[in-house]
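This briefing covers side-chain interactions in the structure shown below. Topics are grouped so that each can be checked against the coordinates.

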Amino acid sequence: MILPIYGYGEAVLRKVCENITPEYPNLTETLSNMYETMYNAYGVGLAAPQVGLAIRLFVIDTTPFADSDEVTKEESEQLKGFKQTFINAKILKEEGEIWAFNEGCLSIPDVREDVLRHETITIEYYDENFEKKTEVYNGLIARVIQHEYDHIEGVLFTDHLSMLKKKLVGKKLQNIMEGKARPDYRMKFANLKIK
């Protein structure tokens, strides 16, 4: 089922999310709905707070980045078919070069800005079968993970912007809160009922 995506200004997007257990109700259905919602909005990642759930869960599929002219052939192969569920994730280490990439967010439509992030991360998490994993990721995969991880920590990509950039996108953020954004997917806006 395609769920409405919560827009900038919704309180749940600012919550530090809670861990869940394997007994979390309807987990399989929640995951299925999140992937369906992400694909419907042409996203590469979606975190639970973006669909109104304050739990430490996010899903990623970086396949759309594989066709980018800006990635090497090797990175394209890594991005193609990288589909992963992250439950109760904890980033253990961020290291390597800090680099800029133009990021956007399904909860903040029509706003894209360069964000600086570390090149490499080490992350501990549980997969959809609640098997514990510790992995090292780099490049665009690491960036998408960091972006989604921020969501479960109550952080948005706009929080990484300079004061000047924040001021420049301020009107767009206000418009999202007022329901004036018109993405081609369903959204729930802070100051409006469901669209």
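**Aromatic rings**

Phe-58, Phe-82, Phe-86, Tyr-125 and Tyr-137 are joined into a cluster by ring pairs. The model is a predicted one. Eight aromatic pairs are found in the structure, along with eleven salt bridges.

**Stacked pair Phe-58 and Phe-86**

- The rings of Phe-58 and Phe-86 are stacked, with 4.8 Å centre to centre and 15 degrees between the planes.
- Phe-58 belongs to strand β3 (residues 57-61) and Phe-86 to strand β4 (residues 83-105), so this pair ties together parts that are 28 residues apart in sequence.
- Phe-58 has a relative accessibility of 0% and therefore counts as buried.
- Phe-86 is also buried, because its relative accessible area is 0%.

**Edge-to-face pair Phe-65 and Phe-101**

- Phe-65 and Phe-101 form an edge-to-face aromatic pair, with 6.0 Å centre to centre and 85 degrees between the planes.
- Phe-65 sits in the loop between β3 and α2 (73-79), while Phe-101 is in strand β4; the pair links distant parts of the chain, 36 residues apart.
- Phe-65 counts as partly exposed because its relative accessibility is 21%, and buried would require a value under 20%.

**Charges over rings**

- Lys-83 has its charged end over the ring of Tyr-35, at 4.7 Å from the ring centre.
- Trp-99 has Arg-143 lying over its face, 4.2 Å from the ring centre.
- Arg-143 is also part of a network of salt bridges that links it with Glu-103, Arg-117 and Asp-150.

**Salt bridges**

- Side chains of opposite charge can pair when their charged atoms come close.
- Arg-56 and Glu-153 form a salt bridge in which the closest N and O atoms are 2.7 Å apart.
- Arg-56 is buried, with 8% relative accessible area, whereas Glu-153 is partly exposed, with 29%.
- Glu-77 forms a salt bridge with Lys-80, and their closest N and O atoms are 3.4 Å apart.
- Lys-80 has a relative accessible area of 43% and is therefore partly exposed.
- Lys-180 and Glu-178 form a salt bridge, with 2.9 Å between the closest N and O atoms.
- Glu-178 counts as partly exposed, because its relative accessibility is 30%.

- Leaving aside residues up to four places away in sequence, Val-71 touches Phe-65, Ala-66, Ser-76, Leu-79 and Leu-140.
- Leu-140 is 69 residues from Val-71 along the chain, and 8.9 Å separates their C-alpha atoms.

Key: Residues are numbered from 1 along each chain as its sequence is written. This is a predicted model: local features need pLDDT of at least 70, side-chain atom pairs count only at pLDDT 80 or more; totals for chains, interfaces and linings use all residues. Side-chain values use heavy atoms; hydrogens and water are left out. Rings of Phe, Tyr and Trp (its six-membered ring) pair if their centres lie within 6.5 Å; planes under 30 degrees apart count as stacked, over 60 as edge-to-face and the rest as tilted. Helices (H or I, at least four residues) and strands (E, at least two) are DSSP runs, numbered from the N terminus. Buried means under 20% relative accessible area, exposed over 50%, partly exposed in between (1.4 Å probe, protein chains only). A charge sits over a ring if NZ of Lys or CZ of Arg is within 6 Å of the ring centre and within 35 degrees of the ring normal. A salt bridge is a side-chain nitrogen of Lys or Arg within 4 Å of a carboxyl oxygen of Asp or Glu. Contact means heavy atoms within 4.5 Å.
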